[in-house]
Amino acid sequence: MSETGGEGWGQSGNPTSVFAYEGHQGPEEGGMKNEGEMQKGEEEGQGKEEDEDYDSPPERQIVVGICSMMKKSKSKPMTQIMERLCKFEYITVVIFPEEVILNEPVDKWPLCDCLVSFHSKGFPLDKAVEYANLRNPLLINDLNMQYYIQDRREVYRILQEEGIDLPRYAVLTRDPDRPEECNLVEGEDHVEVNGEVFPKPFVEKPVCAEDHNVYIYYPTSAGGGSQRLFRKIGSRSSVYSPESCVRKTGSYIYEEFMPTDGTDVKVYTVGPDYAHAEARKSPALDGKVERDSEGKEIRYPVMLTAMEKLVARKVCLAFKQTVCGFDLLRANGHSFVCDVNGFSFVKNSMKYYDDCAKVLGNMVMRELAPQFHIPWSIPMEAEDIPIVPTTSGTMMELRCVIAIIRHGDRTPKQKMKMEVRHPLFFELFEKYGGYKSGKLKLKKPKQLQEVLDIARLLLAELGQHTDCEIEEKKGKLEQLKTVLEMYGHFSGINRKVQLTYLPNGQPKASSEEEEGPKEGPSLLLVLKWGGELTPAGRVQAEELGRAFRCMYPGGQGDYAGFPGCGLLRLHSTYRHDLKIYASDEGRVQMTAAAFAKGLLALEGELTPILVQMVKSANMNGMLDSDSESLTDCQQRVKARLHEIMQKDQDFTEADYQKLAPTGSPSLVNSMKIIGNPVRTCDQVYALIQRLTSQIRKRLEDPKSADLQLYHSETLELMLQRWSKLERDFRNKSGRYDISKIPDIYDCVKYDTQHNATLGLEDTLELFRLSRALADIVIPQEYGINKPEKMDIAQAYCLPLMKKIQLDLQRTHEDEAVNKLHPLYSRGVMSPGRHVRTRLYFTSESHVHSLLSIFRYGGLLDEVKDQQWKQAMDYLSAVSELNYMTQIVIMLYEDNNKDPGSEERFHVELHFSPGVKSCEDEENVPLGFGFRPASAENQEKQTNQGSLEDLSQDEPDRALPLSELISIRRSPMIRNRKTGSMEVLSETSPGSSKGASYRLFPSCSRQSPEIKPTGLGFEGCSMVPSIYPLETLHNSLSLKQVDEFLNAVCEDSSDAHAKTMKALSVLFDTSSQGYGQAHTYPPPKALSSSETPVRPPTHPLCLSSGPPSTVSSAGPSSPTSVNPSNPAIHFSFSE
């Protein structure tokens, strides 16, 4: 926050400002009037510091007086902030007792150097003004302006003069002396006030700001009547009334109603350069106040756009209120101020309390320390510009962080396919517009209910006549019904049904299908369930988010004596431009929300964070892949993979050539473990059979039958899961379906981690073998040789690559949108500077593909670049891209270099294979550590004792802060001595027990299901730790990266154009485009005519674009594609 330039207002009219608390009295204040009135409750816990105060030589204390009604001065936020303010050595807080304020003349009031005084019901504002004139203290909130804040007409007048957007309004003043201001004409569906017409819905507000009886009138088309808002009473804040006529007595403001998606944004400033924003359910919605388990109103964290930040600054300065609350309505891509409340604090946010006390304390000290001759200077690190030292010893500034992250730990994914031909399915397909693209995804409860109804109906008909015309297989219909009936209710995250149109029915897939394919069109129904983020997955994501802060300068140190973070500071002072994108899968979205919660130190549930902060990027295939439509290349690769894996003999030299042409050590090792693929599959099959029979035995035993497994699964559900795999893995002819290997590995990985307490035999052997098979099948499905890997990767990743390129380019263009307005930023050391962070949460396919592009796309030449060769060797030794895998790109700017030179911008590439697996300790590939450019020059100064040395010698010692070199370090600090088992050093001071084993430099929060022990987390469910980031390269130039991305994207576009040409020959374009739906690679460039992108149903308040961009209310839609250049285009407020 820039505590600068002056933020309150003194009597001279020059901005100044301040704040403080009553637990400490300075030695000289002993005789003050309020000493006897001190509230004991506030003094407790301050004793120790008081003793210290008395021991030290008596220095003049700055007294901050709190002059307000008792209810306000004793409130929790005030108490919390004042306690923190007293951490400032020279500040003492004095609370004026209410009886003194109400009954004593102002010359008998306590003395103070700085006054925090504000109006609330019953407060004598006139006396406070008189006191300020008598004593001339520094004022935090100007007192005369508080008269204006009590009148909504004056508030609106001031807002208008400042050029702040507010709803269109008119004032109706019922005053006998001013009849010309009282022209009201009421129609059935509108009202005309002094010639200005307001159609319903409109809002009627009393002119007195203390009167909270605001009415909203609805049009007859919506049922008429009105919603009556009032000050919260219990769990209600409004009530509906059938009354449609406006009030006939009193003066009112009439204004147009703003459609805001049911949320209001409350903004709280502390000086013009700091604002905290949160959203709450709009009281107009249904009047029910949403409360959490502690009975507090639920509020959601919100990010302000650059324009809104400017509005916060203007409101704070115009009303001369350092601490000021106001309301924003976000509607139609704009933000409107509809109310200014004056002095108000955020409730229940520890971070806000810290920040507020810090800003206020620094203001007080800056303004008053000089005249009291107190030695004080603004703590410099409070103005962290994101600057870090680099290899050459120059200072570089972090400008952009881009991370692509796989979702966290999830329940096993399950799916079932069936071909359906019943007219009811075709009707459903048509009803939801399936014929437009030949595909349909059904996730909404209403849609899933319709599928369930059809399944129930068909099963009922089957029950009555066995030989009826229903071709759908009974077993599959029963499974469809069972899965849809699971949980007893629908939730979009749990299940989805996909329907794909097959013009000629489904080709015969394997020899197990007895009868030949039927004639005529059919629909392929794919039912998917499972795959939800587990509690362990949430913890992983939140912890990684917290650790991720350390990528930013100042991420580890305290600032201004408060435990805090450089990133959080950047964020709340508007210099952090953050956007979070996630594919439309529930587990990916929840991972993104949990990560955001950790990254930004948010509190509360994930759902509100998700609604407000995560953009869903599914409109152009940027993060979603439609796995049902594989590219030709993928089909060929899968066929070859199946062929090689079906040989009943040991892998020959030729097989090694065929399957691992890149010579990747991780592949070669897995092939050696397997030997004969069919024999290994036999073993896996036998192990699965043993597993299912063990589970059946447990089910028959009454003692264990009702056992609750992890994440409330039952033994019955576990058995269903494994039995299905047992059925599907080996078909009737004895051949194995290789495509089931990833699912088997998925299930056994889940059970060894989360259900180990069952003690099922041979699960580890099954884990070992299925893992070896999966380590071949999974990566090789994305291409066997380099050209195939690139081809498939480009099909998945083209839109994402273009977006990354844009992120890097836009950072160094001079965008006014993300900067503080220079005119308004006096005293911010770097108002124009900001760090841009773009986080993309996605699934395994995108992470594999993106890594393939960096590895095989020709970014650097291994022969010429030793660092890249080491990186490639490391990557080829990594066998699995597990949950929470990260690819991180960081961009720095060297301000000393010529803006046009190639050395001006510097790019680094980092990678982590994500979560550690159960038995990874033995054969972990070792990278070369996290070596951001900033860390390199430290290695030259080994005599300081680098962190690595410290952790070698004393693995259990927490490092004192003085030894933490204040440069950017990996969130996970590697210890080289322990070889392959990553023992990590805990960097937060004060936690020495078991420190060297913990992953993140922050205290680990656990989900209730997890018990921490010495080595990571164990108990019912272990939360495995995450591998530290490894640097792949730390000296790329932006030009290199940009040219590389250009080449990759162009190459892909050329190939794509050829494909499209071939397609247009194959298919007559009038045939509803079904064919295209099949063979089109997943990242489709949809034209806007093809996909009507509806506005999201809730504000995704992350856009920091100027008001001219598409809308701050949500992700922008892809623009229509120019057919001659089938590249994806973004229309950006991104």
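**View 1. Strand β31 (residues 905-912) is covered on both faces in this predicted model.** On one side, Phe905, Val907, Leu909 and Phe911 are buried. On the other, His906, Glu908, His910 and Ser912 are buried too. In a regular strand, side chains alternate between the two faces of the sheet. Buried here means under 20% relative accessible area. Because 8 of the 8 residues of β31 are buried, the strand is largely enclosed by the rest of the structure.

**View 2. Strand β30 (residues 886-893) pairs with β31.** The two strands run antiparallel and are joined by 8 bridges. Isoleucine 887 has phenylalanine 911 of β31 as its bridge partner. Phe911 belongs to the side of β31 that also holds Phe905, Val907 and Leu909.

**View 3. Strand β34 (residues 1030-1037) also pairs with β31.** Here 5 bridges join the strands, which again run antiparallel. Leucine 1036 in β34 stands opposite valine 907, a buried residue of β31.

**View 4. Helix α11 (residues 423-431) has four buried residues: Phe425, Phe426, Leu428 and Phe429.** These residues lie on the same side of α11 because they cover an arc of only 160° around the axis. Among the elements that cover them are the strands β23 (413-420), β24 (439-442), β25 (495-502) and β26 (522-530). Helix α12 (445-464) is also part of this cover.

Terms used. Residues are numbered from 1 along each chain as its sequence is written. This is a predicted model: local features need pLDDT of at least 70, side-chain atom pairs count only at pLDDT 80 or more; totals for chains, interfaces and linings use all residues. Side-chain values use heavy atoms; hydrogens and water are left out. Buried means under 20% relative accessible area, exposed over 50%, partly exposed in between (1.4 Å probe, protein chains only). The arc is that of the directions from the helix axis to the C-beta atoms. Contact means heavy atoms within 4.5 Å. Two strands pair if DSSP finds at least two bridges between them.
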